[in-house]
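Subject: Structure for your files

Hello,

The structure you asked about is below. My notes follow it.

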Amino acid sequence: MNNKFQNLEERVQYLKEKAKEVRINIIDMIFAAQSGHPGGALSAADIVTALYFDILKIDPKNPHWPERDRFILSKGHACPVWYSCLAMRGYFPVKELKTLRKFESILQGHPDMLKTPGVDITTGSLGQGLSLGVGMALEGKLVKKNYHIYVILGDGEINEGQIWEAAASASKYELDNLIAIIDKNKLQMDGFTNKVMPMDPIDKKFMAFNWYVVTINGHNMKEILIALEKAKKIKGKPVCIIANTVKGKGVSFMENIREWHGKAPNQQEYKKAIKEIEESNNEVK
Amino acid sequence: MKLSKADMATRQAFSERMLEYGAIDKDFVVFEADIGYSTYSYLFGEAYPDRYFNMGIAESNTMAAAAGMAADGRTVVVCSYGVFITMRAVEAMRTFICYPNLNAKFLSSHGGVTPAIDGVTHQATEDIGIMTLLPNMKVLVPADTEAAKKMFDVAIETPGPIFVRLMRDPLFNIYSKEENFELEGSKTIREGKDVTVVTYGDIVFQALEAADELEKENVSIEVIDMYSIKPFDKKSLLNSISKTEALLVVEDHQKRNGLGYELSNFCLKNKPVIFDNLGLDDTFAESGNYYKIIDKYGISKKQIFNKVKELIHKKGG
């Protein structure tokens, strides 16, 4: 691969440290708000960290830089992970994170392009983000710019039929500037995805729509980086990265537990969660 | 007032102007959902294939993809039928276009019961209510082909989301080429002193026909084409009802949440007058001949004629 690859280990180490900080911010802000969605934010933490601290071509001082890569959090309820990364990259002060979901905050309950610097497009209604990404990718092709559009999807929201309308249209227009990443944490609000609405095999479905599909461990930073680098090089078709993840990853009592989809920790749980993240050794389990 | 038959429907006129305008403004793009030969958006698609996106029979994805493109500042036109664009795609329209106030224009064909022979599935008799409810959305309804052409320019040149309701079939020519149309404008097509009749779209013709019949009985009605439904022309309405002291709103739409509801609310607050409205009365229509349908569902010249006489009676005249 490219020169960067020789420094892959260093990049991975740096990102692991950043992901820890992102997770602490997620818990901090949801605790401060006493509301929010920790499970899906923690499962996406490594992927979003890799994007914001390594992959994305962005300029936090110039959020509307026309050449920038676009990021869409289709599973908008996981926004604490996005807000953490945006704050840490300098789009707004980190202390703003504590205003999550509060009256007149720049950090709305779901991502809002009118209120939050660095948010290119409003999301939160599930199943819409891939279509928005298709539109942004068509725009990129029309203006002949080389930026990429990264869309984070939940494995629950792909129940929505519109995801498959978007999948077909991305393939029709050969949108190789569109990269969808499915945060496959195997839980949705009402329970396990394979019980609520089985969608497997997801990889074969996207392949059948003529997408280039890669499956990775979504908590292994090395795999994440390699997949994202590869995705940028694919020509002629959109890319879907299926990232196997754990809902609530990094906080033992939240992991794989349905109830932590949309619940804030109490004082005791908060302290335990922060301690666990701080003391974690970054190893992939 | 003898009106000539139109040689094309408003949907075609609007799209023909869109094609012409494509050469004037080289930046806007058009989204279609596989009814391009019906909305006539195919004309634009043939001339500007790079600026035309046919997303197939998938209105939700079409709308959200259009929003994605508009989010970068581009002006988009989204074409479909009223029923589909205002219902199946309404959430994307609300959250991703109206909320951020993006430059999206909606070519919405088959408005009201004008797709009469197609039946209920294709008759958009709730579109105005749904569209006017959305913050930032503006709503226009041209009554003839000249108005449709001019309203394309209004839509594309006015910032923000604008919904334009168009008709399936050709009706009658009402306006000359010299007429101008603007947002928050209206046309007082016929002056009168007894009752103000406010309407829009296909029913303008019915109101004019009723006016001719009423004239024979020495009743004079003022006919206002309220082509800009949201925002509407408050000044002209106030002027007219101050003179007539009676208002009848007639529309090819559900009575509930239509222009009639809007104007009755306005009158109650600002200038209470004798009032009534005609429209679909909490019911769906059916397949069949357009003229038979508007008659059966209470929005034809005959019902306007009768209702005007009723209002005059209420006035004590």
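Where in chain B is Pro231(B) found? Pro231(B) sits in the loop between strand E10 (228–230) and helix H10 (234–244) of chain B. Helices (H or I, at least four residues) and strands (E, at least two) are DSSP runs, numbered from the N terminus.

This is a predicted model, in which local features need pLDDT of at least 70, side-chain atom pairs count only at pLDDT 80 or more, and totals for chains, interfaces and linings use all residues. Residues are numbered from 1 along each chain as its sequence is written, and chains are lettered from A and ligands numbered from 1 in the order in which they are written.

Backbone

Most residues other than glycine have a negative phi, and most peptide bonds are trans. The bond from Lys230(B) to Pro231(B) is cis, with omega near 0 degrees. A cis peptide bond also joins Asp200(A) and Pro201(A), with omega about 0 degrees. Pro201(A) lies in the loop between helix H7 (193–196) and helix H8 (202–208) of chain A.

Tyr40(B) has a positive phi, near 70 degrees, and lies in the loop between helix H2 (36–39) and helix H3 (42–47) of chain B. Tyr40(B) counts as buried because it has 24 C-beta neighbours inside 10 Å. A residue is buried if 20 or more other C-beta atoms lie within 10 Å of its own, exposed if 12 or fewer, and partly exposed in between, with C-beta atoms placed from the backbone. Asn256(A) also has a positive phi, near 60 degrees; with 16 such neighbours inside 10 Å, Asn256(A) counts as partly exposed.

Leaving aside neighbours within four places in sequence, Val308(B) is in contact with residues including Val195(B), Ala210(B) and Leu248(B). Contact here requires C-beta atoms, placed from the backbone, within 7 Å.

Chain contact

The contact takes 21 residues from chain A and 22 residues from chain B. On the side of chain A that touches chain B, the largest share, nine residues, comes from H5(A). Helix H5 (129–142) and helix H6 (161–172) of chain A each supply at least two residues of that side.

Regards

Methods: Two residues are in contact if their C-beta atoms, placed from the backbone, lie within 7 Å.
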